Structures are given as structure tokens and as C-alpha cells.
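Biologist: I would like to go through the labels on this model and hear what each one rests on. Please set each value against its definition.

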Amino acid sequence: MFYTNYGSRKAEDIAANSKVSLHFPWHALERQVKICGEAVKVPTSESLKYFSSRPEESQLAAWASKQSRPVSSRQLLMQQFQSMKEKFSKGEIPLPDFWGGYRIVPTTIEFWQGGGSRLHDRFKYYLQADGSWKIERLAP
Ligand SMILES: Cc1cc2nc3c(=O)[nH]c(=O)nc-3n(C[C@H](O)[C@H](O)[C@H](O)COP(=O)(O)O)c2cc1C
């Protein structure tokens with residue numbers, strides 16, 4: 001699960017093709033996890049719950065930032081932040097309608113561990129219809 005601006009570049013990409021992959025590399029350990037699956041928007045109620053749990057400044061930053069769009073200066077960004085701070089100075093800061101979460105519903109997860117002489121270990125998990133995982137070792 002991750003939260004973002006629904007107008008960001010990645011959100012536009014997901015709207016065009018919801019098949020995604022997540023990559024978690026740990027170079028020092030020669031280790032990585034790769035997840036392939038489908039990105040699904042989380043219900044607004046869930047986004048609201050998470051948004052409300054964030055620090056107030058982060059909530060205002062979500063309002064102030066047109067994520068992935070060019071911004072001419074840091075000063076302009078700070079002005080936008082300040083104007084949101086004034087706009088929402090009273091009461092709860094509402095959830096922006098352009099902000100929320102995606103849940104990645106995985107279809108495969110691959111664990112990769114570097115080994116000597118390029119003899120790496122790779123294990124790929126495939127989610128089955130009954131909810132169990134089929135596990136295969138892959139050649140490096
Ligand atoms: C530690 C760390 C945490 C991040 N967390 C988020 C996040 O929660 N949501 C988000 O949209 N981007 C997050 N980013 C930034 C994204 O990697 C990405 O650069 C950004 O979302 C813009 O992507 P886009 O323009 O392709 O949509 C994070 C980056 C780092 C380094």
C-alpha cells in the first residue's frame with residue numbers, strides 16, 4: 001500500500017495500465033524483492049483514515065503540492081504551503097479529492113539473493129486461485 005497524489009505521473013501511468021511492479025533493492029546485501037501485481041485505489045474512507053493520522057504539516061503539503069508538475073521555485077512551493085495553512089487554519093484539514101492510496105494486489109513475488117560466482121538464489125512465489133502460493137526456484 002502507498003499513498004500519493006492521484007494526479008502524479010505514476011497515477012497517470014496506473015490509470016493507463018494498472019499492472020505494476022515494486023522493486024526493493026538492498027545493494028549492500030546483494031538482495032532484492034520484486035513484486036508484480038495490480039494497483040487498485042483504496043476506498044476513500046481508508047485514505048481519509050490514513051490522511052488524518054499524518055502530521056498536520058504533511059496534510060497541508062499534500063494540498064500545496066501539484067505532485068510531478070513543474071514548480072518554478074521553492075519559494076512558490078512555500079507560498080502555496082502558507083496559503084493552505086491559512087485556508088485550513090480552523091478545524092480539521094479535509095482529505096484532498098486528488099490524494100489517496102493504492103493497494104498492490106500481488107500475483108508474483110520474487111526473492112533474489114546474490115551468491116558467489118554468479119550462482120544467485122532466486123525464489124518466485126505465484127499466488128494461486130485458492131490463495132496459496134506456488135514456489136519455484138529460478139536459475140540465476
Ligand atoms: C523514502 C522515500 C519515501 C517516499 N514516499 C513516497 C510516498 O509515500 N508517496 C509518493 O507519492 N512518493 C513517495 N516518494 C517519492 C517517489 O519515489 C516518487 O519520486 C514520487 O512519488 C514522484 O513520482 P511520479 O512523478 O513518477 O509520480 C518517496 C521517496 C522516498 C525516497
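Modeller: Start with isoleucine 93, which lies in the loop between helix 4 and strand 4. Helices here are DSSP runs of H or I with at least four residues, strands are runs of E with at least two, and both are numbered from the N terminus. The model is predicted, so local features need pLDDT of at least 70 and side-chain atom pairs count only at pLDDT 80 or more, while totals for chains, interfaces and linings use all residues. Residues are numbered from 1 along each chain as its sequence is written, and side-chain values use heavy atoms, with hydrogens and water left out.

Biologist: Why does isoleucine 93 count as buried?

Modeller: Its relative accessibility is 10%. Buried means under 20% relative accessible area, exposed means over 50%, and partly exposed is in between, with a 1.4 Å probe and protein chains only. At 10%, isoleucine 93 therefore counts as buried.

Biologist: Which residues is isoleucine 93 in contact with, leaving aside neighbours within four places in sequence?

Modeller: Contact means heavy atoms within 4.5 Å. By that rule isoleucine 93 is in contact with Phe51, Glu56, Gln59, Leu60, Trp63 and Phe88.

Biologist: Why is serine 47 called buried?

Modeller: Serine 47 has a relative accessible area of 2%, so it is buried. The residue sits in helix 2 (residues 44–53). Apart from residues up to four places away in sequence, serine 47 touches Tyr3, Tyr6, Val42, Leu95, Trp99, Gly100 and Gly101.

Biologist: Is tyrosine 102 buried or exposed?

Modeller: Tyrosine 102 is buried, because its relative accessible area is 3%.

Biologist: What kind of aromatic pair do tryptophan 63 and phenylalanine 98 form?

Modeller: Their planes are 90 degrees apart and their centres 5.5 Å apart, and the pair is edge-to-face. Tryptophan 63 is in helix 3 (residues 56–64) and phenylalanine 98 in the loop between helix 4 (74–87) and strand 4, 35 residues apart. Tryptophan 63, at 18% relative accessible area, is buried, whereas phenylalanine 98, at 25%, is partly exposed. Elsewhere, ring pairs link Tyr3, Tyr50, Phe51 and Trp99 into a cluster.

Biologist: Why does glycine 7 count as partly exposed?

Modeller: Glycine 7 has 26% relative accessibility, so it counts as partly exposed. Its place is in the loop between strand 1 and helix 1. Not counting residues up to four places away in sequence, glycine 7 touches Glu12, Gln67, Arg69 and Phe98.

Biologist: Which residues are around the ligand?

Modeller: A residue is near a molecule if one of its heavy atoms lies within 4 Å of it. The residues around the ligand are Tyr3, Thr4, Ser8, Arg9, Lys10, Gln67 and Ser68. Strand 1 (2–5) and helix 1 (9–16) each supply at least two residues of this shell.

Biologist: How do you know that serine 68 has a polar atom in reach of the ligand?

Modeller: A polar side-chain atom of serine 68 lies 2.5 Å from a ligand oxygen. A polar contact is a pair of N or O atoms within 3.5 Å. For the side chain of lysine 10 the distance from an N or O atom to a ligand oxygen is 2.6 Å, and for that of glutamine 67 it is 2.9 Å.

Key. Polar contact = N/O pair within 3.5 Å; in protein donor to acceptor, adjacent residues only side chain to side chain. Phe/Tyr/Trp six-rings, centres within 6.5 Å; stacked < 30°, edge-to-face > 60°.
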